[in-house]
Amino acid sequence: MRKNIVWRFVLVGLLTVISIFIVLPSFVNQLPQWWKGLLPSAKLNLGLDLKGGTYIVFGVDIDKAVKDDLTRKANELKDLLSGKNIVVQSISVTTTGEINLKLSNINDTDKLLTVLKDDFPDLQKLDVSQPPSFAFALTTAETTYMKNNILNQAVENIRNRVDQFGVTEPIIQPQGNDQIIVELPGIKDPTRAIEIIGKTAQLEFMLVDNNPAFLAQMIKDTKNLPDGIYSGSTPVTLSTGETINSPYLWAYNKNQLEQFLAGKVPSQYVVGYQVNRDKNTNLTTYQTYILEKDVSMTGDMLTDARMEIGGEYNQPYVGIRFNSRGARLFDQLTAAHVGERLAIVLDDIVYSAPVIRERISGGVAQITGSFTENESKDLAIVLRAGALPAPVKILMKNVVGPTLGSDSIREGMTAAVAGAVFVVVFMLLYYIIAGVIADIGLIINVIMLLAILALFGATLTLPGIAGIILSIGMAVDTNVLNFERTREELKLGKPIRTAVDAGYDKAFYTIIDSHITTLITAIILYIFGTGPIKGFAVTLSIGVTLNLFTGLFATRTFFDYLNSKVRLTKLTFLEFIGKTNINFMGARRFTYVISGILVTLGIIAGIQIARGKANIGIDFGGGTAVQIKFQKPIGISDIRKVLEKADIPGPEIQELPKLNEFLISVKKIKQLREDIADKIITALKTSFPDNGFEVENTNEIGPVVGKNLQKNALWAVIFSLIAIIIYIAWRFEFKFGVAATLATAHDVLVVLGIFYLLDKEITLLVVTALLTLAGYSLTDTVVVFDRIRERLKTRKGETHIEIFNRSINEVLSRTIITSLTVFLVVLAMFLMGGSVLHDFSLAMLIGVIVGTYSSVFIASAIVVDWIGEKGKLFQKKK
């Protein structure tokens, strides 16, 4: 037995020491050189809200996207008319956004207009049309729709690329009519990330002219080739067995090639360029391909793209797969052009141009080239995430400070330290020796949690910290459950070792159930959620898993080790709340009325939020961004106070790289008569008359959380609630599962309703608080249900109401202690965390009270009234 305790003690100590070594690089700037070879050097990264990152503004060429769409429609119209035996003499797209078409036979006019009406309702015939010549343009409605949709689609595609690249919790939002803001937290290779984001990723399959006469003549007369441009030829074996030399030009400078060929390429061709890198000399050359202008097929029908290794030399390539329509078109294309070369072109760069040896069926193809693994992975990412609907270019790139502001972070850290100190001191005073063990367990828990996050190079944001707060709250609850059970055993006169063993054993299933329900929720939020919700889910799931280790294994090991060394004869606990006999179920009619009113208010709040009628923050509703440069030094806290005094709520203030330069973002305020940017400028001028400033630029910005993110988050919550019902129904009864879910939804709606009533701003931080309190409430409810299940097994003629009342009274001390510790920690954040964390803390404060209330008065009452006095509850076997 003693040997077993020693090994358990050594295991906990060893894992703790390893965790300290892993997490040290995240907090110590300079470590010895030998450290790099000893342990992983990965660090815990801070997100945009806590540290800042790279701020990029992309310009979106929407006009080109509209023109490209018009070109595709022109090609589709030509093909459709050809299939109906309507001969088109010429068709082209003008620079003014019109399709000019001329029929060979004027008698086909009615057929043309019928095709236009049936298959191209978004095209309109212009008055300048004189048969057999016609002019068409997009309808006004279609042009407006496209311009609005292109920007939103670009935002979602960029978000997909960033997510697949592995950047944690970026900020991506539209700005104005043709710009996108992308903020990336500190990442190792921002240049590579920016390249991935900025690729248009328009994949095209184009036929190659193997021997264009104009190029052959140009090469033949070598005097026409200036210095720096060279000629060459590639042997191409056709399907007939004949080998020809396909001419090309190449140069070290792509611009030089483009300038030389300008105006010399016949209109039926376009020039593609292949990039070749010499691994030995590291030199890059550009080789021309003469491509038929009409695109044979595009990549919008791809279903998958993956980096693979293969071929004769085991080189990386990208395997692509088409959908059923794409597979059919690719089959037709290759069948019609056997013996010709087909270029695979991405953003005007030719990646490969193989000869079509035979018809290719099955919808599978390869993109080969001189790829590194990273290059092939990046190409697969942009193809998989989808092409950007329009070309983009970088308009601005800056390093910015944290979105929360350095003043808010300082205040938040002070509040967090104060709250942590309170928990440690409270556990020491209330549980004395057991409190010391609990505190050691909590410290180990936090160290291991940070170590795991650092090991994976995770990015820590405020929603992630909220997940840590909830997991620490559950860790405190785990210790309280163990100790309160041990207290009960001590009151029965059992020896300390026996009481501790019995206490831990009886609390075991309660702790397991409460943690697994929370873990299931966290996993589903991670799978279906995005952005901040994923960050919350990651830290919560890791924290909950570690709680089981520290709360059930580590602290018990410390007890056993201490008892084997010291032979404890007395284990003293304070007791604020003794034995109670409150008729909680007797008050359920009254609490139903109260909860019904508050839940109704919450539902109204939800409807108003969905309609955009509530006080919606910049995260969900967008707003205005003003970039200002002051002449003299000024603090973020000073700017924030001035703006809040001027009734400009919740300003987001970030420091920019230039001295005394700031980016101020403010939500839309509908009731404001004057322009919000003007109000900001007026307030600053009035408050800082001796510190002049310049307004660098002003822009309207879109929401950080777009419609897709909101929809994904809603599905994540719905699936979580369904999973809770299934698990609790399996462990308890279906009625318990439904009751726990309703109580959790009750708590979220009540807090939402109170926030709506108080006209508080609904932001991402508030949503994070709602998720946190949902987890807290669920844990509290499961603990009560577990005691009810236990008492139902040992019932002695008691009614359901008596059993439920008795069970709630027995866990009341634990409920109040846990709630009190969490409440006071959050109270410290509310009082000391500054204005930015004020609403987050307020939501948590209300949530802790409401969650405690619902687990005592609502969840159990629902089960009691559902089953009635004559109903039966079938307890599951453990």
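**A residue and its setting**

Tutor: The protein chain has 24 helices and 25 strands, where helices (H or I, at least four residues) and strands (E, at least two) are DSSP runs numbered from the N terminus. This is a predicted model, in which local features need pLDDT of at least 70, side-chain atom pairs count only at pLDDT 80 or more, and totals for chains, interfaces and linings use all residues. Residues are numbered from 1 along each chain as its sequence is written, and side-chain values use heavy atoms, with hydrogens and water left out.

Asp122 is buried, with a relative accessible area of 18%; buried means under 20% relative accessible area, exposed over 50%, and partly exposed in between (1.4 Å probe, protein chains only). Leaving aside neighbours within four places in sequence, Asp122 is in contact (heavy atoms within 4.5 Å) with Lys73, Ala137, Leu138, Thr139 and Glu142. With Lys73 there is also a polar contact, side chain to side chain, at 3.5 Å. A polar contact is a pair of N or O atoms within 3.5 Å; within protein, one must be able to donate a hydrogen and the other to accept it, and residues adjacent in sequence count only if both atoms are side-chain atoms.

Among contacts between residues at least 6 apart in sequence, 75% join residues at least 24 apart.
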